[in-house]
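Hi,

Here is the structure I promised to pass on. Have a look at it first, and then read my notes below.

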Amino acid sequence: MALGLGTFLTLFDVTAVVVAMPGIAKDLGFAVAGAGWVIDAYSLAFTGALLASGALADRFGRRRAMLAGNAVLLMASIACGLATSGPQLLTARVVQGVGAAFMVTGALALVAGAFPNHGQRARAFGIIGVISGVAMALGPTLGGLLASWFGWRWIFYANIPFCLALALAVPRVVAETKDPAGRPLDPLGVALLTISLGLAIDALLRRDASLAVRAGCLVASAAAALVFVLQQWRSLRPVLDPRVFATSAMAGVGALLTAIQFGYWAVLVYLPLFLSAGLLVSIEVAGVALLAATLPMLLVPLLGGRVVTRWGWRRFFIAAFGIVAMGDLFLVFAALSASPAMRLAATIAGMLAIGIGAALANPQMGNVVLALAPPTQAGMASAVTMIVRQAGFAISIAALGATLGTTDVAAAFATPFTLAAFVALVAMVAALVLLPAKSSQNASN
């Protein structure tokens, strides 16, 4: 439970901030780009630090890494709550992301070490999966209630008692483990991946720069990404092996992992702003309304597990992303609707649809990765999957934000919602063309 709480906090700090974005933007003078960076600063730091945290946790101790990450997260959360300007908040969010990476890496490694039996380990990770789902599903609502009752700063202050509880409990209930001969630290790889993602996000969100500057940033981002892939490919012990996605089936999985960030998670970030502009609701009401899009993450996954065994990967993911695309199109209709009643109905239908589609697809992503990746690469495939998820989340938030001209007019949200629907439709094509029909462990053979 202590290790699961660490995972809960790292995900809660992503989703809880979503509903408070209008209040944060108003108090600290953020434009659309700044609002996007409040989420992406955390995600970018989290993604880059994940590459280093695993190697350092192996070398110096997994419990020590988790406790160090917990201490960093605690101090950064206090700094977020005390921030009086945009740069202060963004800096604190970066530090938060670094602390979260060490915290979650240490926690997951400790779980694996604490349960050497395969069945026990699977049940432990299943419990952590449920805890993660609760954090992702209830984060916006709890964050909205905290922001409405006490102010948005208390979203960050709420971490304090949990971080202190972890600092006291983990040394008493969790034994230290380490592997000095584990993965090597790769500072160049960390730098290349972080630079690539940072340049891409900056190019997408920076509206005050010329087209030439933004294009140059995108080219430099692509170049850094290419160098990173080549460096990892040639390494004898890569931190992130690109060969995992060398087959067509795994390339399809990579497309689906990215698409769900666009079609669901990034849309979730901008929904509170849309609800405020289009339906004129308060932060508290927006947080409760988002349950239509998040509660399916707790209720639907068991159904998805049954359906995928009957339909196979291809049909299952085509259907799941079709539902996501339909939901995003409902939101486009809501943004363009002139009738308040039609806008409300379409918004509810859209949130329910994207929630159900994502709840079907998201839990099965890990299963399809383990099923299609070679057995010798299962651990690396899981690590690559986590990086792709986080990187895709950061890029998708920036991409949707780049298409959003203003947050004051409901119709302005039609463009980002259309982009989200388009990417979900691309995922349907990727599933049709690249994924095997059967959902067996030997599907890739």
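Predicted model: local features only at pLDDT ≥ 70, side-chain atom pairs only at ≥ 80, totals over all residues.

Start with W313 and F317: they sit four residues apart in helix α14 (residues 301–336), so about one helical turn separates them. (Helices here are DSSP runs of H or I, at least four residues long, numbered from the N terminus.) Both W313 and F317 are buried, meaning under 20% relative accessible area with a 1.4 Å probe and protein chains only, where exposed is over 50% and partly exposed is in between.

Residues are numbered from 1 along each chain as its sequence is written, and side-chain values use heavy atoms, with hydrogens and water left out.

**Rings**

I counted Phe, Tyr and Trp rings (the six-membered one for Trp) as a pair if their centres lie within 6.5 Å; planes under 30 degrees apart are stacked, over 60 edge-to-face, and the rest tilted. That rule gives 11 aromatic pairs. Y264 has 0% relative accessibility, so it counts as buried, and W265 counts as buried at 7%. W313 and F317 are stacked, because their planes are at 20°, with the ring centres 6.1 Å apart. There is also a cluster in which ring pairs link W149, F150, W154 and Y157.

**Helix packing**

Axes are lines fitted to C-alpha atoms, for helices over the stretch in contact, and angles run from 0 to 180 degrees between N-to-C directions. α14 packs against helix α17 (residues 414–434) at about 165°, with the axes 8 Å apart. That makes α14 roughly antiparallel to α17 (over 145 degrees; under 35 is roughly parallel, 65 to 115 roughly perpendicular, and the rest oblique). Their contact has 20 nonpolar, two polar and two charged residues. Here Ala, Val, Leu, Ile, Met, Phe, Trp, Tyr, Cys and Pro count as nonpolar, Asp, Glu, Lys and Arg as charged, and the others, Gly among them, as polar.

Helix α10 (residues 248–278) and helix α15 (residues 340–372) pack at about 155°, with axes 10 Å apart. So α10 is roughly antiparallel to α15. The contact of α10 with α15 divides into 20 nonpolar, five polar and one charged.

Cheers

Definitions and conventions
Helix = DSSP H or I, 4+ residues; strand = E, 2+ residues; numbered from the N terminus.
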